[in-house]
Amino acid sequence: MQKKSVGSAILNHKCPRCRTGDIFQYPFLQKPAKFTATHKSCPHCGVQYEQEPGFFVGAMYVSYAFTMAILLGTAFVLYNFFGDPELIVYITTVPVVVLLSLPIVFRYSRTLFLYGFGGLKYNPKMAK
């Protein structure tokens with residue numbers, strides 16, 4: 001069996017241990033209202049995702065970094081490509097873009113935090 005890449009596993013929200021099981025219960029496009037529903041453990045290899053109560057609170061720091069990047073990127077685009085519009089345009093556009101990107105930021109911040117701080121290493125034997 002071919003080794004699954006870490007980049008592909010992160011992009012598809014797969015388990016860091018087996019890179020096969022899903023981290024989230026529902027695909028985002030299937031049930032967008034339930035974008036926060038996370039499995040307690042991997043449906044494929046059974047590893048527990050949340051090692052201690054409140055483990056994913058640390059994902060807020062990753063989420064903050066994503067949100068700041070989106071905020072600054074939106075302001076940059078408005079300033080450089082739309083001729084520095086009025087302040088009200090910034091005040092309305094930036095929060096709307098941040099709110100629309102919230103489900104994606106939530107999922108990727110949890111996934112990256114689990115990969116970075118979960119202490120789970122890839123085991124090719126678990127991928128079978």
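In this predicted model, the number of disulfides comes to 0. The sulfur of cysteine 15 has its closest cysteine sulfur in cysteine 42, at 3.8 Å, which is too far for a bond, because a disulfide requires the two sulfur atoms to lie within 2.5 Å. Cysteine 45 is likewise in no disulfide, its nearest cysteine sulfur being that of cysteine 42, 3.7 Å away. Cysteine 15 is buried, at 0% relative accessibility, and cysteine 45 is also buried, with a relative accessible area of 17%.

The aromatic side chains form a second topic. The whole structure contains 4 aromatic pairs. Two of them are set out below, both involving phenylalanine 55.

| Ring pair | Distance of centres | Angle of planes | Class |
|---|---|---|---|
| Phenylalanine 55 and phenylalanine 56 | 5.1 Å | 70° | edge-to-face |
| Phenylalanine 55 and phenylalanine 113 | 5.1 Å | 50° | tilted |

Phenylalanine 55 lies in the loop between α1 (6-11) and α2 (59-81), whereas phenylalanine 113 belongs to helix α4 (residues 102-117); their pair therefore ties together parts that are 58 residues apart in sequence. Phenylalanine 55 is buried at 10% relative accessibility, phenylalanine 56 is buried with a relative accessible area of 9%, and phenylalanine 113 is buried with 11%. Ring pairs join Phe55, Phe56, Phe113 and Phe117 into a cluster.

Two arginine residues are also placed over aromatic rings. The charged end of arginine 19 sits over the ring of tyrosine 122, 4.0 Å from the ring centre. Arginine 107 lies over the face of phenylalanine 24, with a distance of 4.4 Å to the centre of that ring.

Technical notes
Residues are numbered from 1 along each chain as its sequence is written. This is a predicted model: local features need pLDDT of at least 70, side-chain atom pairs count only at pLDDT 80 or more; totals for chains, interfaces and linings use all residues. Side-chain values use heavy atoms; hydrogens and water are left out. Buried means under 20% relative accessible area, exposed over 50%, partly exposed in between (1.4 Å probe, protein chains only). Rings of Phe, Tyr and Trp (its six-membered ring) pair if their centres lie within 6.5 Å; planes under 30 degrees apart count as stacked, over 60 as edge-to-face and the rest as tilted. Helices (H or I, at least four residues) and strands (E, at least two) are DSSP runs, numbered from the N terminus. A charge sits over a ring if NZ of Lys or CZ of Arg is within 6 Å of the ring centre and within 35 degrees of the ring normal.
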